[in-house]
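Here is a brisk report on strands, charged pairs and aromatic rings. Please keep the sequence and the structure in view while reading.

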Amino acid sequence: MRSVCSHRAALYWLSPEGVYVAAEGQPITRISDDISEFIEGLSATDLAKASAVCWDEKYILTTPAGTRKWSIRIRRRGR
């Protein structure tokens with residue numbers, strides 16, 4: 001999967017249900033609740049074409065339908 005990336009001690013990934021983060025000693029957490037309609041609207045083709053990077057303290061997800069960013073430091077979606 002091209003939508004999986006790691007930053008420091010955390011792993012971020014896209015699933016059909018949303019974007020998740022897992023960090024050592026922490027429960028797996030969905031961080032994409034505020035854009036659930038966007039994620040649910042992605043087709044299987046869009047999910048397959050999704051890619052992500054961890055850069056500048058952000059998880060940046062790119063799909064054919066658009067790009068979304070989350071702050072890694074505060075674990076919240078940003079611009």
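## Aromatic pairs

Tyr20 is buried, with a relative accessibility of 17%. That value counts as buried because the cut-off is under 20% relative accessible area. The model is predicted. Tyr20 has a ring partner, Trp13. The two rings are stacked. Their centres lie 5.8 Å apart, with 20 degrees between the planes.

Which way do the rings of Tyr59 and Trp70 meet: stacked or tilted? Their planes stand at 45 degrees and their centres are 5.8 Å apart, so the pair is tilted. Tyr59 belongs to strand β6, and Trp70 to strand β7 (residues 66-71), so this pair ties together parts that are eleven residues apart in sequence.

The whole structure holds three aromatic pairs. Ring pairs also bring in Tyr12, which forms a cluster with Tyr59 and Trp70.

## A charge over a ring

Phe38 has a charged neighbour of another kind. Arg68 lies over the face of the Phe38 ring. The distance to the ring centre is 3.9 Å.

## The four-stranded sheet

Four strands build an open sheet, in the order β1-β2-β3-β4. Their pairing is antiparallel. At the edges are β1 and β4 (29-30), each of which pairs on one side only.

β1 and β2 run antiparallel and are joined by three bridges.

Strand β5 covers residues 51-55, and strand β6 covers residues 58-63. The two run antiparallel, with five bridges between them. Ser51 stands opposite Thr62 of β6.

## Salt bridges

Side chains of opposite charge can pair when their charged atoms come close. This structure holds three salt bridges.

One of them joins Arg8 and Glu57, at 3.0 Å from N to O. Arg8 sits in the loop between β1 (5-7) and β2 (10-15), while Glu57 sits in the loop between β5 and β6, so the pair ties together parts that are 49 residues apart in sequence. Is Arg8 buried or exposed? Arg8 counts as exposed, because its relative accessibility is 73% and the cut-off for exposed is over 50%.

Arg30 is partly exposed, with a relative accessible area of 38%. Asp33 is partly exposed as well, at 47%.

Technical notes
Residues are numbered from 1 along each chain as its sequence is written. This is a predicted model: local features need pLDDT of at least 70, side-chain atom pairs count only at pLDDT 80 or more; totals for chains, interfaces and linings use all residues. Side-chain values use heavy atoms; hydrogens and water are left out. Two strands pair if DSSP finds at least two bridges between them. A salt bridge is a side-chain nitrogen of Lys or Arg within 4 Å of a carboxyl oxygen of Asp or Glu. Buried means under 20% relative accessible area, exposed over 50%, partly exposed in between (1.4 Å probe, protein chains only). Rings of Phe, Tyr and Trp (its six-membered ring) pair if their centres lie within 6.5 Å; planes under 30 degrees apart count as stacked, over 60 as edge-to-face and the rest as tilted. A charge sits over a ring if NZ of Lys or CZ of Arg is within 6 Å of the ring centre and within 35 degrees of the ring normal.
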